[in-house]
Amino acid sequence: MAKNLLIVESPAKAKTINKYLGKDFQVLASYGHVRDLVPKEGAVDPDHRFKMNYEVIDRNEKHVDAIAKAAKVADSLYLATDLDREGEAISWHIAEILKSRKLLEGKTLHRVVFSEITPRAIKEAVANPRALSMDLVNAQQARRALDYLVGFNLSPVLWRKVQRGLSAGRVQSPALRMIVEREEEIEAFKSREYWTIEADCAHPDQAFKARLIRLRGKKFEQFDLTNEADAHAARDALLRSAQGRLVVANVESKERKRRPSPPFTTSTLQQEAARKLGFSTSRTMKIAQGLYEGVALGDEGVVGLITYMRTDAVSLSMDAIAELREVIGRDYGARALPEQPHFYRNKSKNAQEAHEAIRPTSALHRPRDIAHYLNDEQRKLYELIWKRAVASQMQHATLNTVSVDLDAGGDSMFRASGTTVVDPGFLAVYEEGRDAKNAEDEDEGRKLPKMAIDEAVPLAAIEADQHFTEPPPRYSEASLVKALEEYGIGRPSTYASIIQVLLNREYVLLESRRFRPTDVGRAVAKFLSGHFTQYVDYDFTAKLEDELDAVSRGEEDWVPLLEKFWKPFKATVDDKNETVDRSEATGARELGTDPKSGKPVQVRLGRYGPFAQIGTKDDEDKPKFASLRAGQSMHTITLEEALELFKLPRHLGKADDGEDITVGVGRFGPFVKYGSMYASLKPEDDPYTIELERALQLVREKAEMIANRIIKDFGNGIQVLNGRYGPYITDGDKNAKIPKDKEPSELTEAECVELLAAAPNRPKRGGGRFGKGKAAAKEKAEKPAVKKAAAKKAPAKKAAAKKAPAKKAAKKAAAKKTAAKGA
């Protein structure tokens, strides 16, 4: 048996490291976290110095047992989990489990850290171990305790006051507030008209454009011309005073240097990968994890290609700098290499936790040389990381900007600018992306002809162009990560999970790569901002992060930090449970009066989402309800739009046999009703505009499907049916899959009973494009007991039934799993 046991987090990493250390070492993986708080109230006890009740995570129990078995016979244990707080905590949890099982007695315990998975780095780390850092462990424990206390105490308030099933997170809630506030800015934005004036200059060497900078002796500002009449009058006056030419009044040439960006941190990598590659933050981190843990490079074997990808450090080791400079000199020439290396300073006081920026473990692994060993996504991300690291050590770029002022007469002036690259320096390899272009970007790459003062430049035309101011854009993943970092909310390891939690809870949607808050998300954000103001305050959240950093550096104790947070937070929770009105909490709005009934029209947030309501519960008649349509928001819907919703159910006409054909929206989405039959609308159909002919076609298709549905009927409620995704067994309450080696028509009753008994119980799921509503109770469109409906005569000629591809079934079956805890 191996004398030494080394424990890492992932099996891929274990496999790579095992090859480096030889037969004296056994390398096992913990598969991430091994213990977590018990998922129930009381897991953190504020009355006993925030004692934390941990248990082994079910899915990792077998991996913990494997580690314990190996530890029993090993002489020395090396804990080699990741080098940040989370990694330190995992090492501590492993040590605590082994200690509780009395497996550490007489054994040496080492903590080793490395920021890259290369033979040199691994052997060096093992040769220079250290003790576990309880400062880092306590910082992680404090974070976990805070998140638990917020989640388990604030989420029930949201259940009672806003909507069942909601949850709140300590870090996600300020991020949600940020997205909601941006949406409110967009809604409140009032667009303003303005006009710009440009001159088309017909210089004999090269035509160019110049923008107006002074009009009739006054600096030309954005809103000096705000209507067509004034803009055209100004243009005509300029044409008259210029008399077909502009005279060069001033030529200014400036040389400037642009320095390269530092190598990547976690947040800058996520931002650039979102901008340039279209990767989500979670996708970026998953691909980076694979590059870090190792990729098989032919004869070289498995090689870790990048350094650790969770870091806020921008520094590089001297070895890395030397290798980067060697590659620059060889591949780009001496001119591209500065005399001295570039050194970058960390903004974060806590960057020492992660050692280095994200860089290639060896710059000699050029992207083009190893591209055939990588998949497309790995290749793109590795190339981005390699180029950024190489560029960070290259010569600055030298740019030359020329500005020419052109006199139009009448004390009015135009200006043309152009920027040319004198020496590309690092730009030959890499240029950082931007979320929005500025005036400098517009000038870049534009060349101007050589001009001298007093030279007359022929004027081809003067154009006046209309513009309207635009609202601030919604956050993209890149701009949200940048904002979170600027506000100090979260840390490198949390940005991807913050975004994922908001999406999983359906507090926000990602539309055209921009975040839009849902009505539920807005209700949560408004409720928390109004009643738990301090806890979604950006400065408060950032200060708490700084205090956690101070704990990790050993400058602050974690228990007093938790005490300072807990007492006022618990008092606020208790108070709001008693005092907050639910209607106010959900953001309910009264829109006006229904002209037909004279009753009030409201929009509210219900169990299945936002809905409109005519009347109140106190009226003699029951109120009417209607779900909002896709794309509508209870925060912006008008009275007229809300009244349109009550046009459902619509009577479209009658079938050939005299049965009524109606269309409505139920719990499972929009449907056509014919007698007792319900036929779901297709995604392209709109219940508010669908016509009788199309509705009859859907009914015919449903009747055809019903007619062909029963493969076998045992007469006791058990049937073998053809479903939307292929054949299946049902007893009316439970459905069972048919094994691939069984022919559906040859199944016996006994076999069906056995398969139904083994099938899982699944709750019925509803929802659709048009939301969920009370009409749902009557709609049982997909109920398997269809004998009666099948017997009913279809209204017209049968249409050929469409059979959906079986592979889609797997997608629907994969139910989304959302964490119940406050993250």
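What should the 17 residues of helix α6 span at 1.5 Å a residue, and how far apart are its end C-alpha atoms? In this predicted model, helix α6 (residues 172-188) should span 24 Å, and its end C-alpha atoms are 24 Å apart, which agrees.

- The buried residues of α6 are Q172, S173, P174, A175, L176, R177, M178, I179, V180, R182 and E183.

- In soluble globular proteins, nonpolar side chains tend to be buried together.
- The largest nonpolar core here comprises 97 residues, and F527, L528, F532, F569 and I661 have the most contacts inside it.
- Helix α5 (residues 134-161) gives the most to this core, contributing eleven residues.
- Apart from neighbours within four places in sequence, L528 is in contact with L154, L158, A168, S173, T533 and V536.
- A second, separate core has 61 residues, including V27, L316, I321 and L427.

**The pair α14 and α15**
- Two packed helices are described by the angle between their axes and the distance between the axes.
- The axes of α14 and α15 come within 11 Å and cross at roughly 120 degrees.
- The two helices α14 and α15 are therefore oblique to each other, and their crossing is right-handed.
- On the α14 side, E477, L480, V481, L484 and E485 take part in the meeting, while α15 supplies Y495, I498 and I499.

**Helix α9**
- Helix α9 (residues 281-293) has 13 residues, which at 1.5 Å a residue should span 18 Å; its end C-alpha atoms are 18 Å apart, in agreement.
- Buried residues in α9 are T281, T284, M285, I287, A288, Q289, L291, Y292 and E293.
- G294 follows α9 and has a positive phi, near 130 degrees.

**Residue R366**
- R366 lies in the loop between α10 (318-332) and α11 (367-370).
- R366 counts as buried because its relative accessibility is 15%, and buried means under 20%.
- Not counting residues up to four places away in sequence, R366 touches R330, D331 and W386.

Notes. Residues are numbered from 1 along each chain as its sequence is written. This is a predicted model: local features need pLDDT of at least 70, side-chain atom pairs count only at pLDDT 80 or more; totals for chains, interfaces and linings use all residues. Side-chain values use heavy atoms; hydrogens and water are left out. Helices (H or I, at least four residues) and strands (E, at least two) are DSSP runs, numbered from the N terminus. The expected span of a helix is 1.5 Å times one less than its number of residues. Buried means under 20% relative accessible area, exposed over 50%, partly exposed in between (1.4 Å probe, protein chains only). A nonpolar core is a set of buried Ala, Val, Leu, Ile, Met, Phe, Trp, Tyr and Cys residues joined through side-chain atoms within 4.5 Å. Contact means heavy atoms within 4.5 Å. Axes are lines fitted to C-alpha atoms, for helices over the stretch in contact, and angles run from 0 to 180 degrees between N-to-C directions. Angles under 35 degrees count as roughly parallel, over 145 as roughly antiparallel, 65 to 115 as roughly perpendicular and the rest as oblique. A crossing is left-handed if the near helix is turned anticlockwise from the far one by less than a right angle, and right-handed if clockwise.
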